[in-house]
Amino acid sequence: MAGQLVAILLALAALAAAKPSSNRIVGGEEAIPHEFPYQISLQINYNKPGRRPFHFCGGSLIAERFVLTAAHCVPKDLEHGSVPEAVAGEHDFSKDDERIQRRKIVKFYAHKGYNGGIGPDDIAVFRVDRPFHLNDHVQLINLPEADAVPTGMCTISGWGSTSFSPFPSYPNVLQKTSIPVMDLEECREIYYNNDIADSNLCAGTIEGLSSVCSGDSGGPLVQIEEDGSFVQVGTVSWGGIPCGGFRNPGVFVRVSSFIDWINEQLEH
């Protein structure tokens, strides 16, 4: 089983290859433009004519200057002159949109408990150089109550691969899909060679059909409240190969386990 697993930090392997990409979810559908105004695309801006910014991970806007994402999304070995950016208001990578807001990432706060690869505590907060302007297309996501354990259906959005095979396929438009929270013990039985902590959350079905994939790392798993607002219950950490395959649910960090830690980072 371990040989069939892949951290969705494959996004960073793609980053090392420095090939421009746009990514989406397996088994999903196109999101309505700006349907998820809290959605962030983490990109590398090469600042070179003819070379478009490269999407490497997802994230969510939790404060005007702070993005919640995965610890494995902290970029390493950046090309000289390139700049990591958090991009809000993004929808279609192939089109320029005046509603897009770009901010330079100036600080990375990765959880100290994260030891790399597939493992617990895969959560981080990124601080940008100046506040995002909140409007109809750029908004904050609500965080859950501390230690709340979600059940039921969730929505995931991102630009991760759509391929059901080990070979990724990356379109331009933000994708979405709905997946149910899976019993944690059932998830542990599936991924028995990997450390799934109580602070993790699994979502998906035994049958598969839709899931997160490479490029979705750090993106938000949300539930819709009775008033129509969104609350983020998880961040994408890793999953199995093939994405969306039989017995390959997505593994997330359960955000409610880290509320105190998140609030501490917002004080920086």
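A search of the whole structure identifies 2 disulfides. The model in which they occur is a predicted one. A disulfide is a covalent bond between the sulfur atoms of two cysteines.

One of the disulfides is formed by C57 and C73, with a separation of 2.1 Å between the sulfur atoms. The torsion about this S-S bond is about -80 degrees, so the disulfide of C57 and C73 is left-handed. C57 is located in strand β4 (residues 54–63), whereas C73 belongs to the loop between β5 (66–69) and β6 (83–88); the pair therefore ties together parts that are 16 residues apart in sequence. Both C57 and C73 are buried.

A disulfide also links C187 with C202, where the distance from S to S is 2.0 Å. Here the torsion about the S-S bond is about -70 degrees, and the disulfide of C187 and C202 is therefore left-handed. Helix α2 (residues 184–190) contains C187 and strand β11 (residues 200–203) contains C202, so this pair ties together parts that are 15 residues apart in sequence. C187 has a relative accessible area of 0% and is buried. For C202, the relative accessible area is 0%, and this residue is buried as well. A further cysteine, C154, is buried with a relative accessible area of 1%.

With regard to the overall fold, the protein contains 3 helices and 14 strands. Of its 268 residues, 56% count as buried. The accessible surface of the protein amounts to about 11,500 Å², and carbon and sulfur atoms account for 49% of this area. When contacts between residues at least 6 apart in sequence are considered, 72% of them join residues at least 24 apart.

The average pLDDT of the protein is 86, and 84% of the residues score at least 70. Over residues 1–24, by contrast, pLDDT stays under 50. For these residues the model has 83 contacts beyond four places in sequence.

Among the strands, 6 form a closed barrel in the order β3-β4-β5-β8-β7-β6, and their pairing is antiparallel. Neighbouring strands of this sheet are turned against each other by 45 degrees on average, with direction ignored. Strands of a sheet pair through backbone hydrogen bonds, either parallel or antiparallel.

Strand β3 (residues 39–45) and β4 pair in the antiparallel sense, and 6 bridges are found between them. Two residue pairs may be cited from this region. The bridge partner of S41 in β4 is G58, and that of I40 is G59. Strand β4 is also joined to β5 by 3 bridges, and these two strands run antiparallel. In this pairing, L61 stands opposite V67 of β5. β4 and β5 form a hairpin, in which 2 residues lie between the strands. Of the 10 residues of β4, 10 are buried, so the strand is largely enclosed by the rest of the structure.

V74 counts as buried, at 15% relative accessibility. Along the chain, V74 and L42 are 32 residues apart, and their C-alpha atoms are separated by 9.9 Å.

Most residues other than glycine have a negative phi, and most peptide bonds are trans. H34, although not a glycine, has a positive phi of about 65 degrees. This residue is placed in the loop between β2 (29–30) and β3. With a relative accessibility of 13%, H34 counts as buried. N47 is likewise not a glycine, and its phi is positive at about 55 degrees. The loop between β3 and β4 contains N47. The relative accessible area of N47 is 47%, and this residue is therefore partly exposed.

Methods. Residues numbered from 1 in each chain as written. Predicted model: local features only at pLDDT ≥ 70, side-chain atom pairs only at ≥ 80, totals over all residues. Heavy atoms only, no water. pLDDT = per-residue confidence, 0-100. Contact = heavy atoms within 4.5 Å. Disulfide = S-S within 2.5 Å. Helix = DSSP H or I, 4+ residues; strand = E, 2+ residues; numbered from the N terminus. Buried < 20%, exposed > 50% of the residue type's maximum accessible area, 1.4 Å probe, protein only. Areas by Shrake-Rupley, 256 points an atom, 1.4 Å probe, with all protein chains shown as cover. Pairing = 2+ DSSP bridges. Axes fitted to C-alpha atoms, helices over the stretch in contact; angles between N-to-C directions.
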